[in-house]
Amino acid sequence: MSPNDGQTIIANDDSIVLMSPPLIDRRLKNNNSNDRTASSTPATSTSSSPYLQPSTPPHVTSGFALQLNDAIATADLEQQEDTSNDNIVVSSSSIRNDVVIASPASQKSLRTHNPIRAIVDPIMAHSIKCGKERGDGKDQISLALGDPTAYGNIPPCPVIISAITDALQAPGMAAGYVNAVGTAEARHAIHKYHYPNTNNTKLDDRKADSIIVVTSPDDVIVANGASGALELGLTALLDEDSVLLVPRPGFPLYQVIAESHGARVVHYDLLPNQGWECDLDHIDRIISKEEENAHDVSTKVVRGIVVNNPSNPTGAVYSEEHLRQIVKLAEKWNVPIIADEIYGDLVFGNNVFHPMANVASKLGYTVPIITASGLGKQYLIPGWRLGWLIFQDSRHGSIQDVKKGAQRLAQVVLGASRLAQVVIPAVEDQAALLCGLLKECQGLEVIHPQGAMYAMVKIHARLFDEDIYDDVSFMKLLLEEENIVVLPGRAFGMSQEEERDAPVFRVVFCAPEDVLRCASERISSFCSRHAV
């Protein structure tokens, strides 16, 4: 393996160190000088040597990308330079054949990259949050963070607070270890919540003779938040070089998890002009191409399709008919569906949330559904980190091994918080307020959300001056001029080409009304200032 860029390994009798080019030059110069001085008295391992030096010139070699602090190496060189002319005698016991090695990072960690951080952090790095420091009095307002509790205006569900208080007052009740897949009580309650009428499942007439797959609390795994549940499920499902289909725009975590395991992520499009529905034709083409190019026909290349409903970042809520079409497409290709439903039931107006597992059951259990959900967003306690997976298998028993794998993986962290498991929102008005105000901004077009906590806003770049040409330029200037933070569409998987043609950004509308009004006024001023 080669060292890191700009670094080289220097080996001698003392040690092996990794240094940047300036240090290499100094070490080579120093050692060459010592070689000339000591040419008549080579160092040995059996007798005292008058000088601490290699018996041969240093050898530059390749090897692991060792991470040694340049400052330490510099200090070592400076010390050698200070003493090399003093002819200090060092006993042979000081000469060690050690290898100084810093452990390399794992391949999994090196494959782990968060797209949001890569795009947003460089822009935010030099931002000034305080209005006084900026000189214009505009304190920073974030419409980017998906935390409904961030501003304190939306309190947690009182039933949850009461349950946790009661648990704390019961000595020892929630202090010890529990089963890695969750307490029996929590798993039973989660199953009952998702399957209130387990014994009354109704199939479509054309599927009336189909086998009914009965789920149970044994099909539930409690995890550290819905993100932890997704990590558990995808880890059990994916191998290196397998493929996961994820929505674009979509929550970046799916990609982060999959790529950390060496799997490939292929994005399928959502259709903004059709309420951000999944582009079924695009999904069909992707799977067809991947399976056609598969080297091993005995192993499925495409391991799953992620469907996020209600959606982050679009706020879309899918109709039952659209979900039926997704299930039928998954049945055609024999591919499991990973249903991220952390925002389930957070819907507005006449929109209705339809769990994917219910839709699949009505169609005869032909497709396995792995549902990820949790308490964080619906009950306004995201920091408590309590989520879960539910494995609803197909009538063919397609994901039994995946479920067993997830159960084994759960043992690594010994499950979610026992205290939080004991406990097993009013945002529509704010959505209407913010979206209504942003609709009045010149050059912007709001795609009204149907649920969750987010809305996507189109930027008609042609209506702005040359400083605004895509989503990232809009975000950067808005931050610089108005101290407002939004997230560009590119952070959710949209390509640069897409963002040039139809750039978008995401807002979160959980802040208090006065904050949303202030943010909207600043965005409106910004748009007017850059309008053409």
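Mentor: What follows is a close look at one strand and the strands beside it. This is a predicted model, in which local features need pLDDT of at least 70 and side-chain atom pairs count only at pLDDT 80 or more, while totals for chains, interfaces and linings use all residues. Residues are numbered from 1 along each chain as its sequence is written, and side-chain values use heavy atoms, with hydrogens and water left out.

Our part is strand E14, residues 454-459; strands (E, at least two residues) and helices (H or I, at least four) are DSSP runs, numbered from the N terminus. Six of the six residues of E14 are buried, so the strand is largely enclosed by the rest of the structure. Here buried means under 20% relative accessible area, exposed means over 50%, and partly exposed lies in between, with a 1.4 Å probe and protein chains only.

In a regular strand the side chains alternate between the two faces of the sheet. Tyr454, Met456 and Lys458 point one way from E14, whereas Ala455, Val457 and Ile459 point the other way.

Now for the neighbours, where two strands pair if DSSP finds at least two bridges between them. Strand E13, residues 444-447, pairs with E14 in the antiparallel sense over four bridges, and Glu445 stands opposite Lys458. E13 and E14 form a hairpin with six residues between them, and in its turn Ala452 has a positive phi of about 60°. E14 is also joined by five bridges to strand E17, residues 504-508, again running antiparallel, and there Val507 is the bridge partner of Ala455.
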